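Subject: Structure handover

Hello,

Please find the structure below, with the sequence. My notes come after it.

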Amino acid sequence: MRTTRASTLVSLAVVAGIAGFALNAALASRQAPALILVSPLGFALAFIGIVLIALALPVRRHARGDPGRRVDPIYATRVVVLAKASSICGVLFGSFALGLLVYLLTRSVVPSLGSTLPSAVAVGGGIVLTVCALVAERMCIAPPDDDDRDEPRGGTTAR
């Protein structure tokens, strides 16, 4: 399985940020109230990121050769897949909230702290989740075996 590419995350962030901005602009053009997120969203995203790091710690210890308990390969695979999904979700939630926040801050009327703070907390939670997910994904990478280091990339040696 390949690691999550930065270009994928950046393109998702751009699309979700534009979607958040456009949604609030469309709501304002219909004279509907702007979409305001709740603060627990950002805290929940950050909490998920911290739990993900805790789930990846046993896999990292085993990959580094710690003589402790063995790690089930299915567990390690689940942690990697959860990390990949969490990085994508963190980028989507964080950049969508950033789009909402940018819309509120670019208006001629200064918004209240009660409408901007939850979006800022959600942006921070999305960043924490994305960073924790990328770190957890890297923690689950096994070091190459000695046999893999000796062979060239083609898999055959010329003699």
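This is a predicted model: local features need pLDDT of at least 70, side-chain atom pairs count only at pLDDT 80 or more; totals for chains, interfaces and linings use all residues.

Residues are numbered from 1 along each chain as its sequence is written, and side-chain values use heavy atoms, with hydrogens and water left out.

Overview

The protein has five helices and zero strands, in the order α-α-α-α-α along the sequence. Helices (H or I, at least four residues) and strands (E, at least two) are DSSP runs, numbered from the N terminus. Of its 159 residues, 30% count as buried; buried means under 20% relative accessible area, exposed over 50%, and partly exposed in between (1.4 Å probe, protein chains only). Among contacts (heavy atoms within 4.5 Å) between residues at least 6 apart in sequence, 82% join residues at least 24 apart.

Helices α1 and α3

Two packed helices are described by the angle between their axes and the distance between the axes. For α1 (residues 6-29) and α3, the axes come within 7 Å and cross at roughly 40°. Axes here are lines fitted to C-alpha atoms, for helices over the stretch in contact, with angles running from 0 to 180 degrees between N-to-C directions. The crossing of α1 past α3 is right-handed; that is, the near helix is turned clockwise from the far one by less than a right angle, anticlockwise being left-handed. The residues of this contact divide into 17 nonpolar, six polar and no charged. Ala, Val, Leu, Ile, Met, Phe, Trp, Tyr, Cys and Pro count as nonpolar, Asp, Glu, Lys and Arg as charged, and the others, Gly among them, as polar.

Gly 17, in helix α1, counts as buried because its relative accessibility is 16%. Leaving aside neighbours within four places in sequence, Gly 17 is in contact with Ser 95, Phe 96 and Gly 99. From Gly 17 to Leu 98 is 81 residues in sequence but 6.1 Å in space, C-alpha to C-alpha.

Ser 87 belongs to helix α3 (residues 73-105) and is buried, at a relative accessible area of 0%. Its side chain reaches the backbone oxygen of Lys 84 at 2.7 Å. Beyond four places in sequence, Ser 87 is in contact with Thr 4, Leu 9, Thr 130, Ala 133 and Leu 134.

Gln 31 lies in the loop between α1 and α2 (39-63) and counts as exposed, with 76% relative accessibility. Its phi is near 60°, a positive value in a residue other than glycine.

Ile 36 is in the loop between α1 and α2 too, and is partly exposed at 40% relative accessibility. Not counting residues up to four places away in sequence, Ile 36 touches Gly 114 and Ser 115. Ile 36 and Ser 119 are 83 residues apart in sequence and 6.9 Å apart in space, C-alpha to C-alpha. Ser 119 sits in helix α4 (residues 113-139) and is buried, with a relative accessible area of 0%.

Regards

How values were computed. A polar contact is a pair of N or O atoms within 3.5 Å; within protein, one must be able to donate a hydrogen and the other to accept it, and residues adjacent in sequence count only if both atoms are side-chain atoms.
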